[in-house]
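Subject: Handover of a structure and its computed features

Dear colleague,

Please find below the structure for your review. My notes on it follow directly after.

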Amino acid sequence: MIIKICLGYVAMNLNLEDCSPSGTVTYKAYEKIQDKQSALYKLRKVAGKNLHNTLRILIYNKALQIPVYRLTSKLIPLATHPALENWDYIADFSEELREIGNFIKQSSFRVSAHPDHFTVINSPRESVFKEALKDLDYHVKLFEAMGLDTGYKLVLHTGGIYGSKTDSMKRFRDNFERLPKRIRDRIILENDDRSYDTLDVLELCRQLKIPMVLDIHHHNCLCAQISIRDILPEIFDTWKGERFAPKVHFSSAKSEKDFRSHADFINYNDFTAFLSIASELDRDFDIMLEAKSKDTALIKLSDELAAEEGVERVGKGVFFINS
């Protein structure tokens with residue numbers, strides 16, 4: 001049986017010069033500019049460069065045949081700040097966003113986004129939920145302006161414990177249902193490394209009928225006693241009916257002492273050990289590499305994997321493995 005595995009990386013590219021897609025403008029810097037037209041010009045200039053660099057990265061990915069990529073959440077600086085609530089950034093950058101979306105679709109890329117850790121929908125504080133809703137709406141607006149349908153997802157964590165995991169999981173379910181459908185249809189859940197383990201998140205995904213992303217590193221941090229071999233088929237089953245194959249996140253620990261932090265590169269032995277287990281399922285899947293060295297780490301891992309017997313590589317990011 002031949003399975004297809006695609007690799008991807010997160011946001012930043014280390015091999016293109018001056019190509020950050022995450023240029024920022026702090027509100028403090030924005031506020032210091034007396035003339036608000038000039039201040040908005042500065043925001044537009046930074047956002048425009050972010051979008052331009054995003055397209056550069058996507059062109060690079062296509063040249064290397066790396067089809068999986070996570071868009072930065074920082075494309076539009078201060079987009080959700082209350083002081084900028086009247087700024088129609090979608091209208092300002094409609095052509096650029098459409099161009100990016102068209103390139104993604106024409107290249108058959110799988111892109112996603114991962115809203116920041118403060119985007120929490122299970123907080124007991126209504127104000128936190130409303131801020132999370134605002135951030136999720138921002139992400140979805142960008143995807144919609146790119147012309148990307150709901151097959152293109154947003155990865156979320158469950159959130160905090162707030163004294164009771166049972167109550168907080170229920171609050172996540174309840175607040176999830178409060179989200180507009182256009183947002184709900186984008187959300188997929190990832191297990192974390194401190195609070196909500198693989199079984200917790202799998203249960204939530206089953207109840208809400210949404211896909212689950214298994215983060216291997218987080219799994220090892222929080223519930224390594226549960227065999228990935230035993231749980232992976234159920235996780236992959238949450239992806240039934242979706243446009244794209246199941247996706248996992250993979251990273252390596254920075255050190256024994258700092259085991260929760262991501263290393264610069266991927267531990268090859270750990271990676272191939274996971275591949276051996278996952279290949280038993282005879283199912284295609286994608287792997288988002290969360291290594292600090294971004295595309296450099298992907299290329300290194302790709303070159304190592306290409307040397308294995310029974311592995312056929314296409315470009316740097318697509319593999320056909322004889323399982």
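Glutamine 65 follows helix α2 and has a positive phi, near 55°. Helices and strands here are DSSP runs, numbered from the N terminus (helices: H or I, at least four residues; strands: E, at least two). This is a predicted model, in which local features need pLDDT of at least 70 and side-chain atom pairs count only at pLDDT 80 or more, while totals for chains, interfaces and linings use all residues. Residues are numbered from 1 along each chain as its sequence is written, and side-chain values use heavy atoms, with hydrogens and water left out.

Helix α2 itself has 29 residues and should span 42 Å at 1.5 Å a residue; its end C-alpha atoms are 42 Å apart, so expectation and model agree. The expected span is 1.5 Å times one less than the number of residues in the helix.

In the loop between α2 and β2 lies proline 67. Proline 67 counts as buried because its relative accessibility is 14%; buried means under 20% relative accessible area, exposed over 50%, and partly exposed in between (1.4 Å probe, protein chains only). Leaving aside neighbours within four places in sequence, proline 67 is in contact with Cys6, Leu7, Phe109, Arg110, Gly317 and Val318, contact being heavy atoms within 4.5 Å.

Two further residues other than glycine deserve a note on backbone geometry. Aspartate 282 is not a glycine, yet has a positive phi of about 55°; aspartate 282 lies in the loop between α11 and β8 and is partly exposed, at 34% relative accessibility. Lysine 294 also has a positive phi, near 45°, but is found in helix α12 and counts as buried, at 18% relative accessibility.

Helix α12 covers residues 294–306. Its 13 residues should span 18 Å at 1.5 Å a residue, and its end C-alpha atoms are 18 Å apart, which agrees. The buried residues of α12 are Lys294, Asp295, Ala297, Leu298, Ile299, Leu301, Ser302 and Leu305. What covers them includes the helices α2 (36–64) and α11 (268–279), together with the strands β1 (2–10), β8 (285–289), β9 (311–314) and β10 (318–322).

Next, the packing of nonpolar residues. A nonpolar core is a set of buried Ala, Val, Leu, Ile, Met, Phe, Trp, Tyr and Cys residues joined through side-chain atoms within 4.5 Å. The largest such core has 94 residues, of which Ile76, Phe271, Phe274 and Ile287 touch the most other members. Helix α2 gives the most to this core, with 11 residues. A second, separate core has six residues, including Cys6, Val10, Met288 and Val318. Not counting residues up to four places away in sequence, phenylalanine 274 touches Ile216, Ile228, Leu232, Val248, Phe250, Phe285 and Ile287.

A search of the whole structure finds 11 aromatic pairs. Rings of Phe, Tyr and Trp (its six-membered ring) pair if their centres lie within 6.5 Å; planes under 30 degrees apart count as stacked, over 60 as edge-to-face and the rest as tilted. The rings of tyrosine 9 and tyrosine 69 have centres 5.5 Å apart and planes at 70°, so this pair is edge-to-face. The pair links distant parts of the chain, since tyrosine 9 is in strand β1 and tyrosine 69 in strand β2 (residues 68–71), 60 residues apart. Tyrosine 9 is buried, at 0% relative accessibility, and tyrosine 69 is buried too, at 2%. Phenylalanine 274 and phenylalanine 285 form another edge-to-face pair, 6.1 Å centre to centre with 80° between the planes.

Two lysines have their charged ends over tyrosine rings: lysine 36 over tyrosine 30, 4.7 Å from the ring centre, and lysine 165 over tyrosine 196, 5.6 Å from the centre. The criterion is NZ of Lys or CZ of Arg within 6 Å of the ring centre and within 35 degrees of the ring normal.

Finally, the cysteines. The structure holds zero disulfides, a disulfide being a pair of cysteine sulfur atoms within 2.5 Å. For cysteine 205, the nearest cysteine sulfur is that of cysteine 223, 14 Å away. Cysteine 205 is buried, at 1% relative accessibility, and cysteine 6 is buried at 8%.

Kind regards
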